[in-house]
Amino acid sequence: QELLMIVGQVPDWISTPIDEVMSSEQIDWVYNPRLTGDGPGIKNFDNKEDTFQFTYTIFDNTGYKTNLTDYILGDLWHFIMKEHEDAFNNFKEIIRVKSNLLTKLSHSNAHIAHVDNDYKHLVILYYVNDTDSDTTIYNETFGTEFDKLTVKQTVSPKKGRYIIFNGSHFHASASPSKHNVRIVLNFNALI
């Protein structure tokens, strides 16, 4: 199964307002004591300790969760769809959009590898702010047997950068060690 991997950049007129609102007091972050949890879509070969994160759900299967949806997503989603029409040929619908905020730790090792869903989907990961702590995408996919993870690609977070990849591939975030926070928007699109 070929890994669809696109790395792109949105213009400042899109990225700056998103950074400003997602870094503001308008966002009611929710504390989650576990970043990944348990389940078949989790691979923790190294017995890594799960870490906490803060989340903010923007859209899920019950609809929009915030009055900031258009402000946060409008231009961003249209830009990505227009730039990468071919990647969305089999696109059916957006399943979920949420934001994850990770805080500074003394190290920046990859977290526990996971897939967001156990069905066919695309992940669109958008970096809200300039920070450190790469996203690691692995060669291994959900539903296949393997006894270790091998790195396919790492992507460094930069304000306005986004990556699109086949959601069946295991991936992992990392907490920043040089910056105070790492904020991403995570889109899951049914294909």
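**Starting at one threonine**

Leaving aside residues up to four places away in sequence, Thr36 touches Ile42, Asp50, Ile112 and His114, where contact means heavy atoms within 4.5 Å. Before going on, note that this is a predicted model, in which local features need pLDDT of at least 70, side-chain atom pairs count only at pLDDT 80 or more, and totals for chains, interfaces and linings use all residues. Residues are numbered from 1 along each chain as its sequence is written, and side-chain values use heavy atoms, with hydrogens and water left out.

Thr36 sits in the loop between β2 (30-32) and β3 (42-43); helices (H or I, at least four residues) and strands (E, at least two) are DSSP runs, numbered from the N terminus. Its relative accessibility is 15%, so Thr36 counts as buried (under 20% relative accessible area; exposed is over 50%, partly exposed in between, with a 1.4 Å probe and protein chains only).

Now look for rings. There are 7 aromatic pairs in the structure, meaning rings of Phe, Tyr and Trp (its six-membered ring) with centres within 6.5 Å; planes under 30 degrees apart are stacked, over 60 edge-to-face and the rest tilted. Trp77 and Phe187 have ring centres 5.4 Å apart and planes at 20 degrees, so they are stacked. That pair ties together distant parts of the chain, 110 residues apart: Trp77 belongs to helix α2 (residues 69-83) and Phe187 to strand β13 (residues 181-190). Trp77 is buried at 14% relative accessibility, and Phe187 is buried at 1%. Elsewhere, ring pairs join Tyr31, Phe52 and Phe54 into a cluster.

What about the core? In soluble globular proteins, nonpolar side chains tend to be buried together. Here the largest nonpolar core has 32 residues, and Met22, Ile72, Leu76, Ile124, Leu185 and Phe187 touch the most other members. (Such a core is a set of buried Ala, Val, Leu, Ile, Met, Phe, Trp, Tyr and Cys residues joined through side-chain atoms within 4.5 Å.) The largest share of this core, 6 residues, comes from α2. Apart from it lies another core of 8 residues, including Val155, Ile163, Phe165 and Val184.

Back in helix α2, the buried residues are Thr69, Ile72, Leu73, Leu76, Trp77, Phe79 and Ile80. Leu185, for its part, has contacts that include Ile72, Leu73 and Leu76, not counting residues up to four places away in sequence.
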